[in-house]
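This briefing goes through a protein structure topic by topic. Keep the sequence and the structure in view while reading.

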Amino acid sequence: MPKKKKKTKTTLSDEEQLLLFQQKMLAEEEMAKKKERLLSQFLKDKLAKEEHNSALNLNKINTQWRTVLREVKTRELRKDIEILSQTFERVVDCKDSVIKSLAKDLSEAEEQYAHALRSHLHNVDQLLALQRCRLTLLEESYNMELETLTKEFETERKTIIDQHEKEIHYLQDVFMAMEQNYIDSEYEGKLEFQSMWDDLKNKNLEEKHFLRLQLENVVEDLWRRFQDALKNYTDATEDRKVAFETLKVKDEKSSKEIEAQMKKIQRLQDSIMILKGKIMVHSRESEEQNQYVRDDKELILVQLRKLKAQRTQAREISQENLVKLTLESNATIKALRKIVDKGEKILKLAEICRKFETEEEKVLPFYSSTLTPEEQEEIEEINPKDFTEEMAKVMADYIGMENFWKRYNKVKLEQLSLQHKRARLLEINGKLREMLKQYLDGISVSDEVLSQLNPLFIVNHQSNLPQTLSMPTTQPGDKKPPTTYNIIEAAHVISHIL
């Protein structure tokens with residue numbers, strides 16, 4: 001039987017214990033991280049639900065607020081309609097009075113017009129009687145002048161007819177000469193064409209074998225040119241023939257027009273003579289009347305200019321007043337809208353802040369005055385008459401908003417106190433984080449920890465602190481004293497620091 005081996009107890013070294021401790025710490029850190037993740041996820045879900053609920057509540061508040069605003073707006077619009085109806089009735093009454101005054105002016109103007117018309121008709125009757133007497137004399141002179149004019153017209157007519165016949169003969173001669181020229185030019189063109197054609201025929205016989213295709217194209221081009229020349233010639237002659245015929249027709253028309261114009265001239269001369277006589281009579285008689293009318297017209301124009309100037313001034317003044325009123329109304333509307341928007345914002349913020357009020361604030365929303373009795377007596381002793389108007393207005397406005405400013409100042413003080421508390425807590429948090437970092441650096445092993453100075457980390461009885469240069473003096477016969485190491489636990493240090 002072989003001998004049984006004795007079981008030896010395995011004792012862990014310091015390094016292995018340190019590694020086990022580090023593994024435990026890492027596992028605990030991982031568990032803490034998992035818990036933090038779960039907590040953050042839970043908080044995110046809760047925050048999303050709260051945001052959804054807050055959005056729903058905001059929509060409900062907005063719908064209720066819109067109904068309230070609509071009711072207020074309807075009341076305002078009704079008041080505006082009543083004011084506008086009153087102003088409209090006032091304007092209508094003003095315009096009725098203006099229409100009545102204008103109707104009176106119109107009736108007076110009609111009476112004046114009837115009176116002027118009667119006087120004008122009386123004057124016209126007198127003028128007609130004078131005119132009839134003068135017409136008898138003018139008829140006799142007209143008959144004498146008519147006989148002389150008829151004789152002159154017959155002589156002129158004979159001369160015009162002779163000139164017309166001479167011009168017709170001249171045009172016929174010109175036409176015959178032009179036809180003769182066209183015939184000669186046509187004959188010359190035909191001769192030239194015949195000669196060219198003969199030359200081309202001879203050349204074609206000589207160069208038949210070599211230039212047959214080229215000569216055919218040339219002949220076709222020449223034929224086309226000849227056709228074009230013929231067409232141009234015929235077109236040119238036709239235009240001139242048509243022009244001659246049109247000139248002939250125009251001549252006939254002009255002769256007829258001359259006769260008609262002569263008759264018209266005779267009639268116009270007669271009418272001119274009659275009208276000259278009438279104008280002379282009327283000009284003498286109407287000079288005095290025109291003078292009176294001009295004087296009246298000048299007076300009326302002066303009055304009209306004055307009235308126009310007054311009207312323009314009144315219009316300019318009313319327009320300036322209207323512009324000022326519109327600008328001021330727009331400015332007041334904008335200012336009131338801003339005030340309403342501010343009030344709505346304040347009310348919304350008050351409703352939001354009401355949720356966060358404490359029970360004490362709900363019961364006593366406004367704190368009592370912080371002034372001492374002596375200070376209050378001093379304020380009461382001050383005479384309000386000593387202040388200026390602007391200062392009195394500011395104080396009067398402040399009295400109505402006293403409770404609001406109390407709450408505002410209270411909130412502002414609380415905000416400042418919370419900011420100071422937050423700053424202090426941030427400082428404490430920073431210190432705690434630094435301590436925690438030192439503790440974690442002391443218990444963990446990494447490249448950063450090894451590179452930095454750490455009195456708690458000792459491996460193989462050696463620390464990474466720099467050794468002191470001052471060594472104890474030893475004699476050569478003495479023994480070296482044993483090296484001692486100060487080891488302090490990190491937990492002990494943290495407990496004393498905290």
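Phe404 lies in helix α6, where helices (H or I, at least four residues) and strands (E, at least two) are DSSP runs numbered from the N terminus. The model is predicted: local features need pLDDT of at least 70 and side-chain atom pairs count only at pLDDT 80 or more, while totals for chains, interfaces and linings use all residues. Residues are numbered from 1 along each chain as its sequence is written, and side-chain values use heavy atoms, with hydrogens and water left out.

**Nonpolar patch**

- Phe404 is partly exposed, at 32% relative accessible area; buried means under 20%, exposed over 50%, and partly exposed in between (1.4 Å probe, protein chains only).
- Together with Ile346, Trp405 and Tyr408, Phe404 makes a nonpolar surface patch of about 350 Å².
- Patches are made of residues with over 30% relative accessible area and no salt bridge; like charges are joined within 9 Å, and nonpolar side chains (Val, Leu, Ile, Met, Phe, Trp, Tyr) within 5 Å.
- Accessible areas come from the Shrake-Rupley method with a 1.4 Å probe, and for residues only the protein chains shown count as cover.
- Helix α6, residues 402-443, gives the most to this nonpolar patch, with three residues.

**Charged patches**

- Arg66, Arg70, Lys73, Lys334, Arg337, Lys338, Lys342, Lys345 and Lys348 form a positive surface patch.
- The elements that give two or more residues to the positive patch are α1 and α2.
- Of the elements, α2 gives the most to the positive patch, with six residues.
- Lys73 is found in helix α1 and is partly exposed, with a relative accessible area of 47%.
- A negative surface patch is formed by Asp105, Glu108, Glu110 and Glu111.
- Glu110 has its place in helix α1 and is partly exposed, at 48% relative accessible area.
- Lys and Arg count as positive and Asp and Glu as negative, while His and the chain ends are not counted.
- The place of a charge is taken as NZ of Lys, CZ of Arg, CG of Asp or CD of Glu.

**Salt bridges**

- Side chains of opposite charge can pair when their charged atoms come close.
- A search of the whole structure finds two salt bridges, each being a side-chain nitrogen of Lys or Arg within 4 Å of a carboxyl oxygen of Asp or Glu.
- One joins Lys190 to Glu186, with the closest N and O atoms 3.9 Å apart.
- Lys190 and Glu186 are separated by about one helical turn because they are four residues apart in helix α1 (residues 14-206).
- Lys190 is partly exposed at 46% relative accessibility, and Glu186 is partly exposed at 28%.
- The other links the side chains of Arg224 and Asp221, at 3.8 Å from N to O.
- Arg224 and Asp221 are three residues apart in helix α2 (residues 212-354), so about one helical turn separates them.
- Arg224 is exposed, with a relative accessible area of 51%, whereas Asp221 is partly exposed at 37%.

**The protein as a whole**

- The secondary structure comes to eight helices and two strands.
- From the N terminus on, the elements run α-α-α-α-α-α-α-β-β-α.
- Buried residues make up 4% of the 498 residues.
- The accessible surface comes to about 46700 Å², and 59% of this belongs to carbon and sulfur atoms.
- Among contacts (heavy atoms within 4.5 Å) with a separation of 6 or more, residues 24 or more positions apart account for 70%.
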